[in-house]
Amino acid sequence: MNLRIDRIKHLSVLICAARSFEEVSEYTDSFDAQDYSSKMFNMFSGDVCDVTLKCSLNLQEEILDRFGKKIPLTAVDLGHFETTVKTAVSDGLASWIMQYGADTEVLSLPRLRTMVSKKPPALHKYTPCRNNQPTVGTNCIRPQQTAPNQQTVVLSPV
């Protein structure tokens with residue numbers, strides 16, 4: 001479980017013995033912030049599992065930055081590598097993978113692959129507008145002029 005300390009309300013200080021660090025954490029000697037942050041995505045917790053990803057070579061630095069320089073990278077072909085990482089399987093991880101589109105593929109952990117595959121259909125509710133009006137049951141993606149020859153896309157809720 002992850003708790004955001006900036007969201008805690010009505011805090012009470014208890015005077016009682018604290019449980020040992022090993023009892024409430026996977027860490028035994030000390031808390032490893034780098035390891036912890038490499039496993040959690042957008043504060044979503046989940047079961048920590050081995051996940052194998054196939055990635056385009058252009059994502060090598062991004063993957064190393066996210067999971068640490070010590071993860072194994074195995075060449076698959078001239079344009080791809082595979083890596084297996086320990087990470088919390090969550091909706092946050094699925095969304096993180098989605099941002100790379102066709103440049104990543106989940107090879108192992110079938111339930112994560114399913115989570116990722118369900119995300120694109122959920123995006124179909126965002127469709128282009130017809131005459132700047134949303135279609136029924138959708139949100140309108142409408143370009144707005146910001147400067148000559150530039151456009152910004154605005155999502156308008158129905």
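Modeller: What follows starts at the pocket and then moves along the residues that link it to the rest of the chain.

A word on the ground rules: this is a predicted model, in which local features need pLDDT of at least 70 and side-chain atom pairs count only at pLDDT 80 or more, while totals for chains, interfaces and linings use all residues. Residues are numbered from 1 along each chain as its sequence is written, and side-chain values use heavy atoms, with hydrogens and water left out.

The protein chain has 5 helices and 7 strands; here helices (H or I, at least four residues) and strands (E, at least two) are DSSP runs, numbered from the N terminus. Along the sequence their order is α-α-β-α-β-β-α-β-α-β-β-β. Of the chain's 158 residues, 27% count as buried. Buried means under 20% relative accessible area, exposed over 50%, and partly exposed in between, using a 1.4 Å probe and protein chains only.

Now to the pocket. Rolling a probe the size of a water molecule over the atoms shows where empty space is left. On a 1 Å grid over the protein atoms alone, a cavity is a set of points where a 1.4 Å probe fits but cannot get out, whereas a pocket is an open set with protein on both sides within 12 Å along at least five of seven lines; lining residues have an atom within 4 Å of a point. The second largest pocket has a volume of about 190 Å³, where grid points are joined across faces, edges and corners and the volume is the space filled by probe spheres set on the points.

Which residues line the second largest pocket? They are Asp32, Gln34, Asp35, Ser38, Lys39, Phe67, Gly68, Lys69, Lys70, Ile71, Val85 and Lys86. The elements giving two or more residues to this lining are helix 2 (33–39) and strand 3 (80–89), and helix 2 gives the most, with 4 residues. By type, the lining divides into 3 nonpolar, 3 polar and 6 charged residues. In this count Ala, Val, Leu, Ile, Met, Phe, Trp, Tyr, Cys and Pro are nonpolar, Asp, Glu, Lys and Arg are charged, and the others, Gly among them, are polar.

Look next at two of these lining residues. Asp35 lies in helix 2 and counts as partly exposed because its relative accessible area is 21%. Leaving out residues up to four places away in sequence, Asp35 touches Glu26 and Tyr27, where contact means heavy atoms within 4.5 Å. Asp35 and Phe67 are 32 residues apart in sequence, yet their C-alpha atoms are 7.9 Å apart in space.

Val51 sits in strand 1 and is buried because its relative accessibility is 1%. Apart from residues up to four places away in sequence, Val51 touches Thr83, Thr84, Val85, Thr87, Val89, Ser108, Leu109 and Leu112. Leu109 is buried, since its relative accessible area is 18%, and its phi is near 90°, a positive value in a residue other than glycine.

We finish at helix 4, where Trp96 and Ile97 are among the buried residues. Ser90 caps the N-terminal end of helix 4, with a side-chain oxygen 3.3 Å from the backbone nitrogen of Gly92. Ser90 itself is found in the loop between strand 3 and helix 4 and counts as buried because its relative accessibility is 4%.

Notes:
Polar contact = N/O pair within 3.5 Å; in protein donor to acceptor, adjacent residues only side chain to side chain.
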